[in-house]
Amino acid sequence: MGRAFEFRKARKMKRWSAMSKAFTRIGKDIVMAVKEGGPDPDSNSRLRAVIQNAKSVNMPKDNVERAIKRASDKSQGDYKEVIFEGYAQHGIAVLIETATDNNTRTVANVRSYFNKTDGSLGTSGSVVFMFDHTCNFKIKDNDFDLEELELELIDFGVEEIFEDTDEDENGEEQKSIMIYAPFESFGSIQSYLEKNDIEIISSGFERIPQVTKALTPEQAEDVEKLLEKLEEDDDVQNVYHTMEETAE
């Protein structure tokens, strides 16, 4: 298995239990998608993808519809996507994706988290080059031949395809297939899957570290203090880092 598989497995084990924040993130994604391409998911591929993601985390349909309606209101403020870069203790690079309607507040908060945990907020471009910007799709497993599917998608830039499993709300194992490709391949892959009636469960973007660094448990705890503060902030959408993660 490749880097995307290992990256996903580690993040699932350690970070994907925070579903309470998922609705907030998706609500902001809806606002940004509607502002960019309008409220009709049939003609707005970005909004279509966000609605799929909302379903995947069991966000009620009423919540989604209300968010679209609010986003369509001209008085609704917009969110700006801002990236922050820096270092936690022990030389761990940290990249933070935010969606904010008040950049001054967000900058102040992020800087304070680094300062309080003996890290350092860096300048634009200081660590982003250490991460590969990827897109991903989780699709329903309809007994696909993975090799054949990969051959079909290789012209779209797909780099990795693998089987994945999750537990549903009843604790039963649900199989799916994950597809990873470069960031810029998102639109063409989404179009291919939709044209071929392949059910997309969810999709998104991730930044996979090119190299990770192993730390002692004590050092990892130092870094976790910063990561936890960042992830608890309402303006923060995603946090990526170069610390080697384990399932523990």
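Which residue counts as partly exposed at 24% relative accessibility? R46 does; buried means under 20% relative accessible area, exposed over 50%, and partly exposed in between (1.4 Å probe, protein chains only).

This is a predicted model, in which local features need pLDDT of at least 70, side-chain atom pairs count only at pLDDT 80 or more, and totals for chains, interfaces and linings use all residues. Residues are numbered from 1 along each chain as its sequence is written, and side-chain values use heavy atoms, with hydrogens and water left out.

Select E81 and R46. Their side chains meet in a salt bridge at 3.6 Å, N to O (a side-chain nitrogen of Lys or Arg within 4 Å of a carboxyl oxygen of Asp or Glu). The pair links strand 1 to helix 3 (residues 45-56), 35 residues apart. E81 is exposed, with a relative accessible area of 55%.

Next, show the open sheet: four strands in the order 3-1-2-8, with antiparallel pairing. Helices (H or I, at least four residues) and strands (E, at least two) are DSSP runs, numbered from the N terminus; two strands pair if DSSP finds at least two bridges between them. Strand 3 (120-121) and strand 8 (236-241) are the edge strands. In strand 3, L121 stands opposite G86.

Now select R207 and E97, a salt bridge with its closest N and O atoms 2.7 Å apart. R207 lies in strand 7 (residues 200-209) and E97 in strand 2, 110 residues apart. Both are buried.

Finish at K28 and D235, whose side chains form a salt bridge at 3.6 Å, N to O. K28 is in helix 2 (residues 22-37), and D235 in the loop between helix 8 and strand 8. K28 counts as buried at 6% relative accessibility, and D235 at 5%.
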